[in-house]
Amino acid sequence: MEPPRKRTPPRPQSELAEPAPEHEVDRFASEARYRASRYHRHTTTRWRPDKSKCPSGVGRESAKALLLRGIRRSMFSSHRRGGWPQKVWAVDGGVVYEAQLTNRGQGEYHGYPMKPDDRFAQYLAVKWDERA
């Protein structure tokens with residue numbers, strides 16, 4: 001008989017914040033930057049097997065647009081670092097993407113697709129539609 005699995009509470013950096021005031025969303029959208037991570041690219045030799053690969057059709061401009069769409073819908077975590085949300089989420093074509101803060105001094109994020117069977121990703125997809 002297998003021991004019961006521990007149910008871990010969500011990490012604070014993964015908690016979806018309540019919709020933010022418009023002035024805060026505007027600031028994040030105007031100052032946030034997207035910078036690709038070599039660990040998620042198809043064309044890199046540094047890809048790590050524990051990291052998801054970005055779909056080949058998602059380039060720098062479309063990734064930046066996804067980041068901004070997530071910010072505009074207030075789809076970011078309540079956890080902050082340097083005044084920036086730790087994570088921002090967006091949905092495109094049924095795929096949930098997560099952008100993670102990599103440089104809190106400049107508001108830089110890198111992003112990747114979440115696994116479709118991830119329960120939190122499924123929750124985010126519902127919230128995405130609600131916040132449209």
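Trainee: Is Asp-26 buried, partly exposed or exposed?

Mentor: Please keep in mind that this is a predicted model. The class follows from the relative accessible area: under 20% is buried, over 50% is exposed, and partly exposed lies in between. Asp-26 has a relative accessible area of 31%, so this residue is partly exposed.

Trainee: Which residue meets the side chain of Asp-26 in a salt bridge?

Mentor: For a salt bridge, one looks for a side-chain nitrogen of Lys or Arg within 4 Å of a carboxyl oxygen of Asp or Glu. Here the partner of Asp-26 is Arg-72, with an N to O distance of 2.7 Å.

Trainee: How many salt bridges does the structure hold?

Mentor: The structure holds six. Another of them is formed by the side chains of Arg-80 and Glu-24, at 3.0 Å from N to O. This pair links distant parts of the chain, 56 residues apart: Arg-80 is in strand S2 (residues 80-81), and Glu-24 is in helix H1 (residues 22-31). Arg-80 counts as partly exposed because its relative accessibility is 30%.

Trainee: With which residue does Arg-27 form a salt bridge?

Mentor: Arg-27 pairs with Glu-31, and their closest N and O atoms are 3.5 Å apart. The two residues are four residues apart in helix H1, so about one helical turn separates them. Arg-27 has a relative accessibility of 33% and therefore counts as partly exposed. Glu-31, at 38%, also counts as partly exposed.

Trainee: Which side chains make polar contacts with the side chain of Glu-98?

Mentor: In reading such a contact, one looks at pairs of N or O atoms within 3.5 Å. The side chain of Trp-89 is joined to that of Glu-98 by a polar contact of 2.8 Å. The side chain of Tyr-112 makes a polar contact with that of Glu-98 at 2.5 Å.

Trainee: What else is Glu-98 in contact with, leaving aside its neighbours within four places in sequence?

Mentor: Besides Trp-89 and Tyr-112, the contacts of Glu-98 beyond those neighbours are Lys-87, Val-88, His-110, Gly-111 and Met-114.

Terms used: Residues are numbered from 1 along each chain as its sequence is written. This is a predicted model: local features need pLDDT of at least 70, side-chain atom pairs count only at pLDDT 80 or more; totals for chains, interfaces and linings use all residues. Side-chain values use heavy atoms; hydrogens and water are left out. Buried means under 20% relative accessible area, exposed over 50%, partly exposed in between (1.4 Å probe, protein chains only). A polar contact is a pair of N or O atoms within 3.5 Å; within protein, one must be able to donate a hydrogen and the other to accept it, and residues adjacent in sequence count only if both atoms are side-chain atoms. Contact means heavy atoms within 4.5 Å.
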